[in-house]
Amino acid sequence: MLRHLFKLIWNKKGTHSLLIVEIWASFMVLFGVLSLIVYNVSNYVQPIGFQYEQVWNLDLAHNQDTIQEAEKIQRVLQRVRSYKEVESASRMSGNTPFSANQSSGGITYNKVEVHGDFYASDAELSKVLDLPLISGRWYRDEDMIAKFVPIVINSKMQEKLFLNETALNKVIKMDDNRYFKVVGVVDRFKAKGEFMSDEPLVFEMIGKDNKWNSNILIKTRPGTDAEFEAKMVKDIATMLPGWGIEVSYLKDSRLTRHNITLVPVMIFLIVSGFLLTNVALGLFGILNLNIARRKGEIGLRRAMGATEGKVTNQFLGEIWVLATFSMILGLIFAVQFPLMNVFDLASSVYVMAIILAIVIIYLIVTLCAWFPSKQAARIHPAVALHEE
Amino acid sequence: MLSNYIKIAWKVLLRHPFYTFITLFGISLTLTVLMVITSFLDHLFGTHYPEVNRDRSLYIGTVLQQDSAHTSMSSGPAAFGFLVKHAKSLKSAERVTILSNFSFSNTYIHGKKIKLNTKFTDADFWYVTGFQFLEGKPYNEANIKNGDQVAVITDALRDQYFEKGASVVGKNIEIENVIYRVIGVVKGSPPTRVYTYSDVYFPYTAPKSNYQDKGMRGRYIAIVLAKKASDIPEIQAEFDNHIGSISKEEIRDGQQFTVLIVRADRYFDHFLNTFARDDTQKALFYSIIGLVLLMVMGLPAINLVNVNVSRILERASEIGVRKAFGAPSKALLWQFIIENVFITFIGGMFALALSLLVISMINASGWIAYADLTINFSVFLISIGVCLLFGLLSGVLPAFRMSRLKIAEALKV
């Protein structure tokens, strides 16, 4: 049966070559768009691992004031914590959740080197962001002893750096004057929002004398509004003349982050959606013409006893063989992506995209071929043969 | 002859509404997508309000520092002093302005929070850009010298902070506990003009501008205005000369850096340079764009060719009769190409209407504040060119096949 279908197609290879190119191109477009979608969806379904609803980000800039910055930041932190509208507050490095800032570096343990994001905070961060720990505990002020800096890592870092051994209490040498000591492990912290992939990361503790990390994350009580924000900014501005003070809400920054991911995906989706509609309509028209032209053949088959279903199946089979052939061509290109590790994506993303693209192409060609072949098969053999 | 061909084409179009629909749908949607994309690119990179002189401007936006082993790299906007020394002093330029990169702030009024973009500029900023003043005037050198706490605000901020449409020059606005006197109100610009967009503009001597920063890196960029576009290479050469004369000691910038790259680029090159640092990345960028364009145009074109080829036989008797009466293949070829181009232009007309609709929707949606997407002359010309290309692309092959049909065969059907 398959051989017969193949022969039928081979006989008309001239006309079919364009159809093959068309299906091949649609497959490639689908593969590209679906890779993007599968990648983002697979990230999206993993929870971000922390709470941001009530959290504000207070960004302080010392500008030209270079006297006792650390003490001043610490004093502001105390003031912020004293408001009754504030549940908890923590200092953090500039790469606060959903911000555009990034800070990353390498970390080595037992000759295994892992590249990850570095976040710095004080002892309160896990309370402010509701970061649950899966083992150990969050660092405390008394963990900061001499050369040892307490750190908390995520499970991805534990998996990569310690090769799934427990990370607790391990000591990592950064340089002669600085050692990291792991005191806890969190499950996930996707700081750039749901669409970020789960990357290895490190939280390191900052001391009270640190003047570089001048962001303060503030968890407010529900119902706190801009009125309080204005009062707080005014208070801080009197405490820190000449400093820059900016308050933003994490939930707003999260939306901005999402749009950066979603807008290009939407544009690609719209453009490829229009391309595929175009192809589907064209395919339908072509198949309609081609099948209608083969009335004689259909009449003969029907006269020889083939049922309507069998005739329909023949045409569907033909287009499936054609689609398969085009997609084998497409696969030759598509498999290069996981094989050559293009764009650093997991190969499962590409495989998933390929499978989805194949399913969608089969769906489209079947839909386009089904109606014309059904209609053609319904022709009475006498009518069909009479025309010849 | 031409009108005859067009008349035939029109009749053919009316004969099978479904196929006409497929053809026109494909053509008009493809062209709509292309027109909207070109219009958007024009919006991003073309010369528009308030950067009315962008076509003769150079942008100095990033200072890139690298050590000799290329292991550590640092890049970002420049310090004010650095730009004064190396950009402001350009002799071949008409004017040079120094402005801060975007920064954010908040202001509170009546228990309401207004998010702000703030910008610190020099007085030349108002010369280089073409902001339209609704009332008041820009700050001048005297304001800057005296360190006056004055501000130019946009109409959008005026409507939020004061009253809609009110006259506000001379009134005070409080931002982060500092009180500024409003000196002028300008018509706001879309945020896609990343360097000139802001809600409020301060003279650079106002508090918190950080123009005193030492070293190379800071928060400022410069826009160099040339007298005419043809002066640009000369200015670039002069600027490269300035950068080239910086001493090794200064390049080190207190750290290990040995390489310093600062360029004065046209807006598009500047944009491209920020994410494609070398030529291979640029080639990759262009080939991806080319591939996407090829797909967006190629797929509908193949589709159209396919439909057209399948429909040859519909016209077989006509071709047979014409051939039997002595029409040469070439005449037939031309007939079908003209027919196709005609159809494409009908599609192009639909596309134009559709693009105008989509663009006005984008402008009205508030997706981009102050959006001013238009179909200007160049966008329209490109679209016409694409129409022609599309018509030829999808018409030649079917026409060639048709003109080769044998008379006997054609008449038989």
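Which residues of α6(A) are buried? They are A:Glu229, A:Met232, A:Val233 and A:Ile236. A residue counts as buried if 20 or more other C-beta atoms lie within 10 Å of its own, as exposed if 12 or fewer do, and as partly exposed in between, with C-beta atoms placed from the backbone. The model is predicted: local features need pLDDT of at least 70, side-chain atom pairs count only at pLDDT 80 or more, and totals for chains, interfaces and linings use all residues. Residues are numbered from 1 along each chain as its sequence is written, and chains are lettered from A and ligands numbered from 1 in the order in which they are written.

Helix α6(A) has 14 residues. From first C-alpha to last, α6(A) reaches 20 Å, close to the 20 Å expected at 1.5 Å a residue. The expected span is 1.5 Å times one less than the number of residues. Helices (H or I, at least four residues) and strands (E, at least two) are DSSP runs, numbered from the N terminus. Viewed down the axis of α6(A), the buried residues fall within an arc of 100 degrees, so they line one face of the helix. The arc is that of the directions from the helix axis to the C-beta atoms. An α-helix has 3.6 residues a turn, so residues three or four places apart point the same way. The cover over the buried residues of α6(A) draws on both chains. It includes α3 (69-82) and β11 of chain A, together with β5 (103-109) and β6 (112-121) of chain B.

Between the chains, 33 residues of chain A are in contact with 32 residues of chain B. Contact requires C-beta atoms, placed from the backbone, within 7 Å. On the chain A side, α2 (13-44), α6 (226-239), β11 (244-249) and α7 (250-292) each supply at least two residues. The largest share, 11 residues, comes from α7(A). By class, this side of chain A has 18 nonpolar, 10 polar and five charged residues. Ala, Val, Leu, Ile, Met, Phe, Trp, Tyr, Cys and Pro count as nonpolar, Asp, Glu, Lys and Arg as charged, and the others, Gly among them, as polar.

Domain bounds come from an automatic or database domain assignment. Chain A divides into domain 1 (2-45 + 257-387) and domain 2 (63-242). Their centres, taken over C-alpha atoms, are separated by 52 Å. The contact takes six residues from domain 1 of chain A and seven from domain 2 of chain A. Chain B divides into domain 1 (2-47 + 281-412) and domain 2 (73-255).

Note on methods: Contact = placed C-beta atoms within 7 Å.
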